[in-house]
Amino acid sequence: MTETTLDFLYRLKDAVNSLNLEFPLVIGQLSTSDSISLHALPGGRNIDFCYDGTKDKQLPYEFSIKTKNQEKAMNDLTVISEFLEDLTELSSENDSYLFDSIIISNEPFFVGRDEQGFFFYSLNLQALINVK
């Protein structure tokens, strides 16, 4: 039996990149310059087990931004937040999940500032999907 890789994170990245933000969104770590990243957080859980063998899951993700422009950081994360709140469809390219909804669990918030003058902000969400 071949297992299909869950492509939700990549479809979420593609959807947010369609917003044409100032910095392209990457999966994983922030770069050494201005950047936006998306990564999974610990704490995902199964909500329900379905008769057809699928599972309803709640998976936490975080958008992080690094920039010297605080206003730009808040604006970009607010645009992402509003976009995700209204998102009703996010199709899998390999049929590995069915999209249900996204819940913004923490609105954009300040994380800190480093010695080079970069500000860090984040936005946390919960994705509700059915995994095959």
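## Elements along the chain

Helices (H or I, at least four residues) and strands (E, at least two) are DSSP runs, numbered from the N terminus. In those terms the protein chain of this predicted model follows the pattern α-β-β-β-β-α-β-β when read along the sequence, with 2 helices and 6 strands.

Residues are numbered from 1 along each chain as its sequence is written. Because the model is predicted, local features need pLDDT of at least 70 and side-chain atom pairs count only at pLDDT 80 or more, whereas totals for chains, interfaces and linings use all residues.

## How the two helices meet

Two packed helices are described by the angle between their axes and the distance between the axes. Helix α1 (residues 8–17) and helix α2 (residues 70–85) pack at an angle of about 115 degrees, their axes being 11 Å apart; the axes are lines fitted to C-alpha atoms over the stretch in contact, and angles run from 0 to 180 degrees between N-to-C directions.

In the contact, which means heavy atoms within 4.5 Å, Leu12, Ala15 and Val16 of α1 meet Ile80, Phe83 and Leu84 of α2. The residues of this contact divide into 6 nonpolar, no polar and no charged, where Ala, Val, Leu, Ile, Met, Phe, Trp, Tyr, Cys and Pro count as nonpolar, Asp, Glu, Lys and Arg as charged, and the others, Gly among them, as polar.

## The chain as a whole

The C-alpha trace of the protein chain spans about 50 × 25 × 25 Å along its principal axes. Of the 132 residues, 42% count as buried, that is, under 20% relative accessible area with a 1.4 Å probe, protein chains only.

Technical notes: Side-chain values use heavy atoms; hydrogens and water are left out. Buried means under 20% relative accessible area, exposed over 50%, partly exposed in between (1.4 Å probe, protein chains only).
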